[in-house]
Amino acid sequence: MTNTATGELLAELSKLPPAVTEAYEAVAEAMGDSFSDEELALWAREGVAIGTQTVRSWESAVEYYRVSPEVARSLAFASFMQWARCGTYLSQDSPTLAVAFFKASPTIVTNLRPQYIPRWAGLGRSLYKGTWKSSTLAARFFEVSPDLVRNLPFWDVEVFASLIEALSYKSYDVAAECLVLGRDVLPGMGREREAFLSMSRALTDTSWREVKACLEMAPRALQHVEEGQTGRFLRLGERLAKMGLRDTSRFLYDGAQALSHVSAGSQGHILDLCEGLLATTPDAVPPFLKSLDPVLNRITLPQLDQWYQQGVELLNENPESGIAFFKIESNTSEAMLETLSSSLDLERVKGIMRLYTRALSGANIEVMSTEELVRRQIGWVDQDTASTDGTKVYLPPMIDNYNDKSQNFAWFKVVATHQVSHLEFGSFEFEFDRPANVFDDRRIAMEESIQARMEAIRTAAVENLLVQDMNVSVGPEMGEGPGGTMRVYTDIGRFLALFEDRRMAFDLFSVLEDCRLDYRIKTDYPGIRRPALDVQGDALAQRPRVEELPLQEALIELLVHMSLDRFEGLLVPQEYREEAYMLARIMHRLRTIRASIEDTAEASLRAYEIISRLQNQQQPEDEYQPEDLDDPGEFSEEEYEALLDKLQAQMDEQQGEQGEGDPYESPEPVEYRGDFKPEMVQLLTKLQMDQSQMGDAEPMTQEELEQLLQDSAELELDAQEGDVDQSMAMFAQNIMKEAGVPPPSNDPGRGYGPILHDDDAGGELEALEPKTYVYDEWDFRANDYKPRWCIVKEKILDEGDVNFYNDSLRNYSSLLAHIKRQFELIMPETWRKTYRLIDGEDIDLNSALEAWADLRMNVPPDEKIYWRRNRVERDVAVVFLLDMSASTAEAIDEGRHSVDDRDAPDDPVEYMVWLRRRREGLVRRHYKRIIDLERESCALLINALESIGDTYGIYGFSGYGRENVEFYVIKDIEEQFNDKIKRRIDKVTPLHATRMGSAIRHAITKLENQDAATKIMFLISDGRPQDRGYSREGVEKEYAVHDTHQALVEAKRKEITPFCLTVDKAGHDYLKTMCGDLNYEVLDDIWALPERLPMLYRSLTMVR
Amino acid sequence: MVEANIELMEDEPSFKEFAIEEFLVRSEPYYRAVGDELELFEAAYEQHIPVLLKGPTGCGKTRFVEYMAWKLGRPITTVRNQASQEMREGEVRVPLVTIACHEDLTASDLVGRYLLDANGTRWIDGPMTRAVKAGAILYLDEVVEARKDTTVLIHPLTDHRRILPVEKTGNIIEADDRFLLCISYNPHYQSALKDLKHSTRQRFISIEFDYPPVDVEAEIVAKESGCSDEDAHALSRLGEKIRNLREHGLAEGASTRLLIYAGRLMRQGIPARRACQVAIVWTLTDEQELQRSIEEVVYSIFE
């Protein structure tokens, strides 16, 4: 600056109070470093301009000069002047404002892009309304600005400022308080800030006082809400606020409380429900959220949907009562909760039921929902009826028969016991030729006579054919197969083929078999007698009235009654008293532990012979008289035959006299006994057996199977008319699939069952390339392995920069020292001799001498004179499996550091370079991803492991699809530690999906070849296993979780101790299934991973 | 023989103390043979062939050895509460030395060691040495648990040499003619690491034990616990059902011993369900779901 110019300036400055000149002179020299002379002049002049705006603006000028050097360091001259001019304008309005502005500037300019500075100044200005209070508020804004700008993106600052402005119209005090609160609260909010601000903005219109309360409440409330859901939750609040909800802070608090009680994965669902309510009756949302907690204490989440649905229906009818419903202030609501809470889901007791049935039967039984059975479409159609196919017991998915949970459970148990008894007492082991125990055998004679009769018919038919037309069909009603020989596949089928009315025969067979089983259960399991009696009692209450049925059905109903342990006061048609007594005798004979399934067959044969000879006609009601049938006398074959002869004679007499009577209809099923399908079970077993011993006998073709199914009495019962033919082909195909028979390949016309999943297409894989391995995969639905299902490709990870390893060690140096110390403590423990023991390997000379001396001195010696080596030598091999799935790229706690513009350079050229680099992703991240922590932990661990000399391998896994399970070697288990490995750690990056099972299996193979006393597999993941096609029928999670579980179990079987560590906070729900009784840990605070991992490892491998 | 001087007075604690190699099984232990194990053992004993007993815990291995010691020794008369164990005429003594092996059991624990006493050191024979000298049946229970160096002792004793080298004293002891080594081993819960080495295994004949069939077990439970036949039968059926779970989460099935415990509690008037709960369910597992499942089986069988 020229001297003249300086002189002029000083002259002008002298017009202002001397403080201004002083301030100028204090910094003038320093400013010379930043600006040229010309620029200096402009800078100095601006100060004068500021100082001369109003009477008191000299104060602003002083501040201007004071902060200039600092600001100049961050701003180029043009931006600097722009900044100064902003100050000038402010000073014009209010010197106080300008002072605050200048004071805040040094920090601001380092954090805010220059082009935003005028906008920032404008924000402050907008708060100033010319009053004293407003100027205080605006000044306060500038005061808190440095913190705001540092921690929030600028647009959030703008929104916040406008919120404050809106509040300031209501109350300056509240606005000022909120300003300060906002400074403290907003930075911690992370990505929900935007939603929160816009909710608050909505509040200023309706109930502005709430804003402050919300700000106070927010940090505490929101921490309960799942990260991804906070935004939705706040938007919900916003919409409610817009609709005029008064106490939003209350809503915030209650809502967050309620959500905090919901498991993390389900919060989204709750919010769905809330949004549903919002659409119709916003007023119902707060009570719903408020009730959520008590309601969920009583019922499960799926049940909540039912309760909610009911509430919504009520709302539609009458909003008042709907809201009362959600407040649980209505009887409907209470009653509904009562029912729901007492009902019992199969899912919840499945584990217990499975073990229970396994214990009882001694077979490897699975318990499944009946829905599953129906879905398989192999002949079972009833969703609510329990059944068994010989290897699995199917139970209804839910029971709400009683208002009491324990009663519902007892029902489940009775039902399960009944199903298992089919297996335990051999319902499916019927053999046609095996003699019965308590009856004489009539089956074989009967079969012979039928065959003889048929032979006669056939001969007659052939003769007829010869004489008459060629078109007469040969009695298909006799169950004759093609070619004239009966092809009977199962023993049950062979038995049922004896009867003309197979359905009736089968009904009788079922009733009598159930009677036999219930009797056996009662004698073998006295403990279940009482609940069984209750269930039978309930079943009895639902039976139709005997006297209203036609005769045949009435008699069968009588049998059903007796099978349910009801013998007294039964209504018996007097005319058929003798028949009823005979039936009762037959049934009583079965009630012994000696009776076998063959006896059931004999009994049903006899019952059939009697009942089929009667006409199915309605009997007059007065015919029926109560009788006690608890002791009808002993059954005798002679009496039976006499009765049969009599009936036969009557029948012959009546022939042609009267009509046939009503068509026969099966009795109502007894609910708790479920579906009994012995023929299907025998069929499945037989098919499977034929399949496994291929080539032995000619396997059944699909046509034969269809024919067989058509003849089956069991299917007739269930399938609806007309449905049978269509579904038969499908049934047959599904059954063959079930039995493992490949479906016929050249049969496009028929169509297969529903295609399950595209990934199921294709089949076994083969490892052709080197370093690839094939593994089976566990299908929990089939309860079996899918053979050679996945290919694991082993690759050595690329090498990166060695610095990552070294940096990690440096960054965690204090932790590292701690870990090392801990690890070193393990070592001496294993080798050190322990002295001064009462007993040990040998005498310790020192102690012995002491003792000896004591003895000489006549002092009782110390008897602890032995030493011993520590008992276990450390011999550990360990494999670490790192999850390298894409999800590990997720940033941790992003809200903690804002990543936007804070490190953007001010210079436009530099800025462009920075921007480009940032786009290319080359700029060093300032936030950490899960995988970064995994890598760091890995580095720490390697360091620790090297110090104790355990054998270890570190691998990463990822992949996509079953043919591409990638298995990356970071350190192979046999490899020595070297710099290459340090470099590989740098290259651990998030890749694709997580097919854990196969990766675990490959790790098992690695460990198996190790000869170590203790083998450990350590799995570190960030969430559920998942992968394309690691799923079936939309139960993706289940399938993957079960496969992983199975892989872990395999490890356990091979003497490898698996351990799962997950950083997924929602991990508890699936880890329980995945790990079973194996060890796992959910790390709540991911930042603790580097510390926790080595410690966990240490405790895991400590001397057992 | 060391023996506590017992005066059978009221309220006086009464016990018997024997030197380890002098313990004879005097009264006939209850043992219900399931197969031909009695004949096999007797034959092996006569032929000096060591015997390996395999089988799950609590199925009667120890009882069997005890019984065989009694049977092979066969004292002429058996008198209850007989304090002295004097040799009677014609009596053959087969003492029984039982050692439960544990992971800290070393060879010197078995062979013997020098002890200090007032006048210097004194050699004390270990139980194995004493058994070898006395011609006892030496029964090493759960032998795989013992340290590996014990095999050094087992090997020379179990082949034709029948000698016990005592390293520390520099002696070799030839076993008495009546001496027999018998070890037990539970294949179920041994990890592969702790398996018996084949060189060891192949010095023994192996007799496999398993839980007896339901009816036999019911008989045993009834006899041992004194509960009613009906209860005993129910208990043995319970045992059978629970053993079905062995591969499904239970490490070991309910042993006959546990069934007997339950029976005894029932005999003392504890309700059946409760007795089974404390004697069986809670003993077998800590896992909640498994406990619940077994309890349901108990509730089905017992009223």
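Among contacts in chain B between residues at least 6 apart in sequence, what percentage join residues at least 24 apart? The share is 70%. This value, like those that follow, comes from a predicted model. For chain A, the corresponding share is 74%.

Chain B has 303 residues, and 52% of them count as buried. Its secondary structure consists of eleven helices and nine strands. Chain A has 1104 residues, with buried residues making up 54%. In chain A there are 44 helices and 18 strands.

The two chains meet in an interface. The size of an interface is often given as the accessible area lost when the parts come together. Here, chain B and chain A bury about 2,900 Å² between them. Carbon and sulfur atoms account for 54% of that area. On the chain B side, 35 residues are in contact with chain A, and 35 residues of chain A take part in turn. Five salt bridges are counted between the chains. In one salt bridge, Glu303(B) pairs with Arg529(A), and the closest N and O atoms are 3.9 Å apart. Four elements of chain B each give two or more residues to the side that touches chain A: α3 (107-111), β3 (112-117), α8 (229-243) and α11 (288-301). The most comes from α11(B), with nine residues. By class, this side of chain B has 15 charged, twelve nonpolar and eight polar residues.

Attention now turns to the interior. In soluble globular proteins, nonpolar side chains tend to be buried together. The largest nonpolar core in this model holds 131 residues. It includes residues from both chains: Leu395(A), Phe495(A), Ile280(B) and Phe302(B) touch the most other members. Helix α25 of chain A (residues 502-524) supplies the largest share of this core, ten residues. Beyond its neighbours within four places in sequence, Phe495(A) is in contact with Phe430(A), Phe432(A), Arg443(A), Phe509(A), Ala601(A), Ser604(A) and Leu605(A). Another core, of 123 residues, lies apart from the largest one. Among its members are Val48(A), Val157(A), Val211(A) and Ile299(A).

Glu966(A) lies in strand β15, which spans residues 965-971. Glu966(A) counts as buried because its relative accessibility is 4%, under the 20% limit. The side chain of Glu966(A) makes a polar contact with the side chain of Tyr968(A), at 3.2 Å. Leaving aside neighbours within four places in sequence, the contacts of Glu966(A) are Lys793(A), Lys795(A), Gly956(A), Phe957(A), Ser958(A), Gly959(A), Tyr960(A), Leu991(A) and His992(A).

His48(B) is not a glycine, yet has a positive phi of about 55°. His48(B) sits in the loop between α1 (37-46) and β1 (51-54) of chain B. With a relative accessible area of 26%, His48(B) is partly exposed. Glu142(B), also a residue other than glycine, has a positive phi near 50°. The loop that holds Glu142(B) runs between β5 (137-141) and α5 (150-158) of chain B. Glu142(B) is buried, with a relative accessible area of 13%.

Methods: Residues are numbered from 1 along each chain as its sequence is written. Chains are lettered from A and ligands numbered from 1 in the order in which they are written. This is a predicted model: local features need pLDDT of at least 70, side-chain atom pairs count only at pLDDT 80 or more; totals for chains, interfaces and linings use all residues. Side-chain values use heavy atoms; hydrogens and water are left out. Buried means under 20% relative accessible area, exposed over 50%, partly exposed in between (1.4 Å probe, protein chains only). A polar contact is a pair of N or O atoms within 3.5 Å; within protein, one must be able to donate a hydrogen and the other to accept it, and residues adjacent in sequence count only if both atoms are side-chain atoms. Contact means heavy atoms within 4.5 Å. Buried area is the accessible area (1.4 Å probe) that two parts lose on being put together, summed over both. A salt bridge is a side-chain nitrogen of Lys or Arg within 4 Å of a carboxyl oxygen of Asp or Glu. Ala, Val, Leu, Ile, Met, Phe, Trp, Tyr, Cys and Pro count as nonpolar, Asp, Glu, Lys and Arg as charged, and the others, Gly among them, as polar. A nonpolar core is a set of buried Ala, Val, Leu, Ile, Met, Phe, Trp, Tyr and Cys residues joined through side-chain atoms within 4.5 Å.
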